[in-house]
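User: Hi! I am new to protein structures and would like to go through one with you. Could you show it to me?

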Amino acid sequence: RPSLVDSRPRSGEAWISLDARLFLHFNLPMDPLKARKSVRLTESSDGTEREDIPVGLRRPTIEEIRGAWGYVGEWEGAPSTSTVLVVKPSRPLRKDAAYRLSLEEGLRAAEGELGLLAEREMSFETYYSFEFHGAELAPCLPAEPALYFSNPVRFEDLLKHMNAEPGLGLPEPDRWRLSQTGDRDPGHRRVSYELAGAQLKPGQE
């Protein structure tokens with residue numbers, strides 16, 4: 001019988017793109033037409049009642065599998081064009097919204113009469129309205145400031161738009177760090193940046 005092996009996004013992920021395609025990886029080859037009636041996507045925001053979002057299902061391309069998983073494998077159990085379903089919402093997703101993708105019990109594979117043993121669900125959230133959530137210092141100086149935002153920001157862009165008085169004396173960051181987008185904390189819905197090397201000393205505020 002079929003079982004869900006993996007998904008993109010994974011359940012619990014946040015900051016999902018509003019035009020995202022959803023990928024479901026099963027242990028057996030799947031038929032998009034047979035699976036369509038057993039897949040449901042719902043949306044809610046600000047505690048509102050969940051709204052059903054119609055979806056379409058199809059098989060992925062090799063390029064889509066590589067983009068979603070970062071590789072294309074030939075070994076048994078690797079995601080493939082026959083074992084992965086692409087779930088395409090009928091409209092763009094909304095920011096500040098939570099989504100639940102549900103697979104009904106009894107969902108069948110391309111062949112065979114046995115279906116999914118039990119209902120499966122995966123949940124995720126899209127990008128939030130962009131906000132600065134403040135800064136934080138360790139209780140003892142000198143200390144490296146930490147900044148908090150609602151969404152990921154490239155470190156290079158953060159440096160270009162940041163101004164602090166008195167100056168922090170931030171050293172030139174390593175090139176690899178310029179493309180970094182912070183440490184994500186889905187539980188608190190925030191992204192943090194430690195300004196390594198930018199130390200506030202006693203007497204600075």
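Predicted model: local features only at pLDDT ≥ 70, side-chain atom pairs only at ≥ 80, totals over all residues.

User: Is Phe124 buried or exposed, going by its relative accessible area?

Analyst: Residues are numbered from 1 along each chain as its sequence is written, and side-chain values use heavy atoms, leaving out hydrogens and water. Buried means under 20% relative accessible area, exposed over 50%, and partly exposed in between (1.4 Å probe, protein chains only). Phe124 has a relative accessible area of 2%, so Phe124 is buried.

User: Which aromatic residue pairs with Phe124, and is the pair stacked or edge-to-face?

Analyst: Rings of Phe, Tyr and Trp (its six-membered ring) pair if their centres lie within 6.5 Å; planes under 30 degrees apart count as stacked, over 60 as edge-to-face and the rest as tilted. By this rule the count comes to 7 aromatic pairs. In one of them, the centres are 5.4 Å apart with 15° between the planes, and the partner of Phe124 in this stacked pair is Tyr99.

User: Why does the pair of Tyr99 and Phe124 tie together parts that are apart in sequence?

Analyst: Strands here are DSSP runs (E, at least two residues) and helices are runs of H or I with at least four, numbered from the N terminus. Tyr99 lies in strand β8 and Phe124 in strand β9, so the pair links parts whose separation in sequence is 25 residues.

User: How many residues does the largest nonpolar core have?

Analyst: A nonpolar core is a set of buried Ala, Val, Leu, Ile, Met, Phe, Trp, Tyr and Cys residues joined through side-chain atoms within 4.5 Å. Among the residues with the most contacts inside the largest core are Leu101, Val87 and Phe124. The size of this core is 25 residues.

User: Which residue has a side chain joined to that of Thr83 by a polar contact?

Analyst: Thr83 is found in the loop between α2 (62-69) and β7, and Thr83 is buried, with a relative accessible area of 9%. A polar contact is a pair of N or O atoms within 3.5 Å; within protein, one must be able to donate a hydrogen and the other to accept it, and residues adjacent in sequence count only if both atoms are side-chain atoms. At 3.0 Å, the side-chain partner of Thr83 is Ser80.

User: What is the mean pLDDT of the protein?

Analyst: pLDDT is the predictor's confidence in each residue, from 0 to 100. Of the residues, 87% reach 70 or more. The mean pLDDT of the protein is 87.
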